Amino acid sequence: MTSEKSRPFRLLVVDDEPIVGRRLQQVFSKLGLEVAVFTRGGPALAAMAERPFDVVVTDLKMEGMDGMEVLAQVRRRSPRTKVIIITGYAEQETARAAFSQGAFAFIAKPFRLDELKRAVLRALEDEPAGPRNGAPP
Amino acid sequence: MAGRPQHSGPAPACHPVRLVLERFRRVLAHNNHALELIADMGEKLGGDFLFDQRYILDSLARLTAAVRTSIEALNELDDQRHQELFPVCDRLTAQLRAVAAGREEREGPLLLPLAAIRPRHWGLVGGKFAHLAEICRDELVRVPEGFVVTTRAYHDLVEANGLREAIDRFEGLLSRADAEAAEVEELRGRLETALRQASPPPGLLAALAEQLAAMPAAGQGPFALAVRSSAEGEDLELSFAGLYRSLLNVPAETESLFQAYREVVASLFSPPPVQYRRRLLPGEGPFAMAVGCQRLIEAAASGVAYSADPLAPGGSALIVSGSWGLGEAVVAGGPADSFRLEKTPPFRLLASQTGDKRAGRYPAPAGGLEERPIPPADRNRPCLTPDQLAAIAARVVRLENLARRPVDVEWAIDTRGGISILQARPLLVREPEADARALPAALDAYEQLSSGQGKVVQQGIGAGPVFLVSSQGDLQHFPDGAVLVSRRDSPSFARVMHRAAAIVTEIGTPVSHMATLCREARVPCLVDVPSILDKVRPGMEITVDAEDRRIYRGRVAELATYRAASLNLEASREFRLLRRVVKTVSRLHLLDPLLRELTLEDCQSYHDLLRYIHEMAVSKLVEVGRDERCLLRDHLVRRLDLPIPAGILVIDIDGGLAPEAPPDQVPFAAVTSVPFRAILQGMLFPGAWHRETMPVGFMDLVSSMVNMPPNGLVGQYTGHNIAVISRDYVNLCFRFGYHFNIIDAHCHEVARDNHIYFRFLGGATDLTKKSRRAKLIALILEALDFKVRVKGDLVIGRAGNMVRSEMERTLDLLGRLVGFTRQLDVRLESDASIDHYARAFLLGNYDVVSKP
């Protein structure tokens, strides 16, 4: 799966539990995405400064920089990047706050991988219209 | 019921029945809630969910709260007579916390014989030997006998030598990316040296001596040992292979073995694995080391085998290479023979290359191995015969099936020709990145028989020829590596699961009993795939991708490559932890609630406790149901007016009878309870309720009177058959003739909540005839996909996780079964008649009962 600039779509995963990144790397690489995985927000944002990502999937509760902060930073630096929040503490309040700050979707852990796949594909389709080499399936 | 706590003191208060029923429902609701939490956790093991450690800990906390609430609800129902359940719950909770904290690897035996290792020991024996213990259960695979020095022994060793604090500090360093390399190295070296010189912990030497004495010496002379590492997580990451030490030809006496043991344990802190962990697995530790000690095979030849060609893992060839003597030459890359064989029987030889084998490694008299020259005549002769090659190939294919991915196997043939498997681990395949990128496009080129449909029970990828199963008998012919396709799921598939490449059914749920078994066998499985039976035919090759829910026509080589190249994340810390937690909470020890031995001491898991609570709650209800004063006072009992003389009294809790139903003599038409109606429908089915009086012999009657428990359940309901019902629930206790029968069923829209519990006891004949009837009922229940236990003349059957229509169909058949077997034991003159009557019932020939 590639973007309009003929590069693969890029997905950034931030979650302080390494298992989350490992599994998402496997799932989305299989779909043809380029996946980068981080367990902390700081280095993840540093990676974003080097190259653009199409979608960011981030945990909410993390030590140091939390998911809301990641969301805010991504929105400021790269407004086109979609942010999907995944968290075990799914509460109405946090979800509402995340949406008001521009999160694309909010998914409560644990979730079916299919659910996140669909959200990511929707986020990619949501890109501003433009010529593309490959469309999401 | 005998064996139950006998309550002394005043008789229980006669509460209004409505209040009792309300409390009973509350117990059921809390119980079900707890069971749902257990089922939810089990479902997460299938790989279709993303979960983290936080989820595991949260779920445990919720489950613990739910179990306690359930106990409180039972106490409320039964006048606070079950206070003793709280300490039991506390004990189980403490045990579970130890599991969740990973502390159970510090408790348990110091040593475990390989043959005695069960899944509950996996935390104690390390990755490699958990796996070997699993494959040595397979009838085809032989693993050299031996035992494992457990992680408990490792922790004892650490404590006894005062190393705990240093190890904790070391693990702290490893989990930090910014730790000073020099500091890590200094501590690493200190630990390695200290463990090499460690003193034995209390009891270890004696235990080793005892195990060695218990290993019978095969053949002549003393035997030697192979001592191998089995670290936790060793099978998680393919490249751990070979990083820890293994020692061959260790003398089978205590002192030498302990020295070898120390060497292997110390390799946990040798440079290569530590570097590896720092680089690739930060935060995965701490790892404890178990050590396997097995009889050393006096190998005539040995080597390795790959179940797939690493360069073309999607192909249909496997590779065997070998040399004379012990297999180190092959592993180290010395001259060897190599063979390429077809992966399917008869494992035709495709190509072979014979190496110039000038030397081989053999056990040295002083321990360890030595190199010896190979006689000239043998140097250029293949070390394996065609028959031996085929035998190795069959085992390698079996092992690939068990592992669900290509495997790298170490094998040895002893001087008498016996084949042993020394090790089996995932085959390391590196997929070129370009190929990985091209996967989505490559997959598009294949025809998809199904896409995005069905539910994932167990993730994974499997390919093979379709084998259709429509009855349990078909399973007898199930070939290794086939894809099992069936209309509905069944726990009976367990017989062949470990040999199946994948399982696909048209009907089924991810929380069925079969689903649990699939996850244990890790067989890729999709259920609820619409009309798959119309799209496949027997023998047709298909590939099931139970990750993306696709089924392809043919073998998709690219997916096989993908499978071989991807990390097995189900071996990761979180999956291992959740698997252990689920095992601990869901293991069921109380299988015979009707038997005398039901005691609180038997409650060894939350699941046991929940079952016990359920039994106690049902007993309370039965007690109330028996007390006519309570029932009649509340005008809640109504007689049922049926065209058969079943004599059933009904207590309607909620919506089980139509609002306009008469206060007495309620007709069948007014029954609105879904499960009860289904049972009655079966009882009323033409022919199922035979009216002939059976010829009961005098001795039959005598024995029934002698064997009637004076105060048992059998005697309680003289004249009354009672059904407690609601819209979606029935608890039917009844006596017909001389036997006692309970059907407890819950049936509504959510398949997972549905269950049927059937038990049957007693009968007016001698024990042999009664046992025959029990067997007959068991046979029929099994055919209806019940999980069945028989003990003497007691039959307990369970089924569940069925959609509502299936529930109704099954309950209808149970109604017919009740009628059919009512007096049948009198007729069961021989064991052969069991099959005869079972077949007649399943074919619908109910009138066979009234025929002489």
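The dialogue below concerns a predicted model.

Q: How is the setting of a strand read, and why is strand E3 of chain A said to be largely enclosed by the rest of the structure?
A: One looks at the burial of its residues. Strand E3 of chain A spans residues 55–59, and five of the five are buried, so this strand is largely enclosed by the rest of the structure.

Q: Which strands are joined to E3(A) by bridges, and do they run parallel or antiparallel?
A: Strand E1 of chain A, residues 10–14, is joined to E3(A) by four bridges, and the two run parallel. Within this pair, A:Val14 has A:Thr58 as its bridge partner. Strand E4 of chain A, residues 82–87, also runs parallel to E3(A), with five bridges between them. Here the bridge partner of A:Val56 is A:Val83. To pass from E3(A) to E4(A), the chain goes through helix H3 of chain A, residues 67–77, and this β-α-β crossover is right-handed.

Q: How is a whole sheet read, and in what order do the five strands of the open sheet in chain B stand?
A: One names the strands in order and then the sense of pairing. In chain B the order is E2-E3-E6-E4-E5, and the pairing is antiparallel. Strands E2 (111–113) and E5 (246–251) of chain B stand at the edges with a single partner strand each, so one side of each has no neighbour in the sheet. On average, neighbouring strands of this sheet are turned by 25° against each other, direction ignored.

Q: How many bridges pair E4(B) with E5(B), and which helix packs on the sheet?
A: Strand E4 of chain B, residues 224–231, pairs with E5(B) over four bridges in the antiparallel sense. In this pair, B:Ala224 stands opposite B:Pro251. Helix H9 of chain B, residues 254–266, packs on the sheet and touches E3, E4, E5 and E6 of chain B; its direction makes about 175° with that of E5(B).

Q: How is the packing of two helices described?
A: Two packed helices are described by the angle between their axes and the distance between the axes. For helices H2 (residues 53–77) and H3 (residues 85–100) of chain B, the angle is about 175° and the axes are 11 Å apart. Angles over 145 degrees count as roughly antiparallel, and H2(B) and H3(B) are therefore roughly antiparallel to each other. Among the residues that meet are B:Ile56 and B:Leu60 in H2(B), and B:Leu85 and B:Phe86 in H3(B). By class, this contact has ten nonpolar, two polar and one charged residues.

Q: How is an interface read, and how many residues of chain A are in contact with chain B?
A: One counts the residues and then asks which elements supply them. Here 20 residues of chain A are in contact with 21 residues of chain B. On the side of chain A, the largest share, eight residues, comes from H1(A). That side divides into ten nonpolar, four polar and six charged residues.

Terms used:
Residues numbered from 1 in each chain as written. Chains lettered and ligands numbered in written order. Predicted model: local features only at pLDDT ≥ 70, side-chain atom pairs only at ≥ 80, totals over all residues. Buried ≥ 20, exposed ≤ 12 C-beta atoms within 10 Å, placed from the backbone. Pairing = 2+ DSSP bridges. Right-handed = clockwise from strand over helix to strand, strands pointing away. Axes fitted to C-alpha atoms, helices over the stretch in contact; angles between N-to-C directions. Contact = placed C-beta atoms within 7 Å. Nonpolar A, V, L, I, M, F, W, Y, C, P; charged D, E, K, R; others polar. Parallel < 35°, antiparallel > 145°, perpendicular 65-115°, else oblique.
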